[in-house]
Amino acid sequence: MLTVRGVEKRFGDEPVLKGVDLEVAKGDVVVVIGPSGSGKTTLLRCLNFLEHADAGELNFEGETFNLASISRKDVLRIRRRTAFVFQNYNLFLNKTALENITEPLITARGFSKKDAEEKGRALLERVGLSDRADNYPSELSGGQQQRVAIARALGGSPDIIYFDEPTSALDPELTESVLATIRSLAAEGMTMIVVTHEIGFAESVATKALFLEAGRVVEFADADTFFRHPKEARTRAFLETFR
Ligand code: ADP
């Protein structure tokens, strides 16, 4: 579904991604792990054009694009089939949970208000928040806000969802509800790339894992190999710190 080759990104003089390759098949859950500052968030943002990569090639469902020179039109075309879940939810604070989901359906996807509301309520139910439709973000816990953000992401029926450390802003007791939601999406076969610090969760949900360090891929392997028999000593040492 998605192949990227040679992704490079620098901020000023500092190279942050130094030639990253990645392959994602339909139904894969690829977890991206690595030390803080290794470039995980930047990689994810480059894949969805929230950052402009300096080099690299992206093949999305059979079409190849140059990341450094992709047109605005192609960016918008790809973004219609992807969704991004942010660390800090990025909800509209002056809209209710339901409106946060229906607004993009109406403005960007041509839904009628009635159809959008029907879909919005079904999505809220899917993330366990059917009783929160009329609440504003300030009336919801962080975990509930993130689940609204996930429901909004699902609204566009994306082919792939990118999660950027979806629980990093949450207290431990709120983290589990979000992880459970992502697990249920994995069980339904949703294709996802998840940047996470939650190693136990990563191991439980991943089909593939990528270890990034200082902007380079140290190891990219199927989950069983990666977590049980990593080939690289650096991967082993990193995983050991969580065990
Ligand atoms: P990770 O997600 O692995 O913690 P990031 O991708 O957030 O790492 O950051 C990688 C490096 O890029 C860090 O050194 C960070 O300070 C730097 N960086 C990230 N975003 C920016 C930015 N917008 N401007 C300048 N430097 C940035």
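**View 1. The hairpin of strand 9 and strand 10 has two residues between its strands, and Ala214 there takes a positive phi near 50°.** The model is predicted: local features need pLDDT of at least 70, side-chain atom pairs count only at pLDDT 80 or more, and totals for chains, interfaces and linings use all residues. Residues are numbered from 1 along each chain as its sequence is written. Helices (H or I, at least four residues) and strands (E, at least two) are DSSP runs, numbered from the N terminus. Strand 10 comprises residues 216-222 and runs antiparallel to strand 9, with six bridges joining the two; strands pair if DSSP finds at least two bridges between them. Within strand 10, Phe220 stands opposite Leu210.

**View 2. Strand 9 also runs parallel to strand 3.** Four bridges join strand 9 to strand 3, which covers residues 29-33. Val31 has Ala209 of strand 9 as its bridge partner. Strand 9 (residues 208-213) is mostly covered, with five of its six residues buried. A residue is buried if 20 or more other C-beta atoms, placed from the backbone, lie within 10 Å of its own, exposed if 12 or fewer, and partly exposed in between.

**View 3. Ala223 is placed in helix 8 (residues 223-228).** Ala223 counts as partly exposed because it has 19 C-beta neighbours inside 10 Å. The C-alpha atoms of Ala223 and Val31 are separated by 8.8 Å, although the two residues are 192 apart along the chain.

**View 4. Helix 3 (residues 97-109) and helix 5 have axes that come within 9 Å and cross at roughly 20°.** Helix 3 is therefore roughly parallel to helix 5, a description that applies to angles under 35 degrees, whereas those over 145 count as roughly antiparallel, 65 to 115 as roughly perpendicular and the rest as oblique. Axes are lines fitted to C-alpha atoms, for helices over the stretch in contact, with angles from 0 to 180 degrees between N-to-C directions. The crossing of helix 3 past helix 5 is right-handed, meaning that the near helix is turned clockwise from the far one by less than a right angle.
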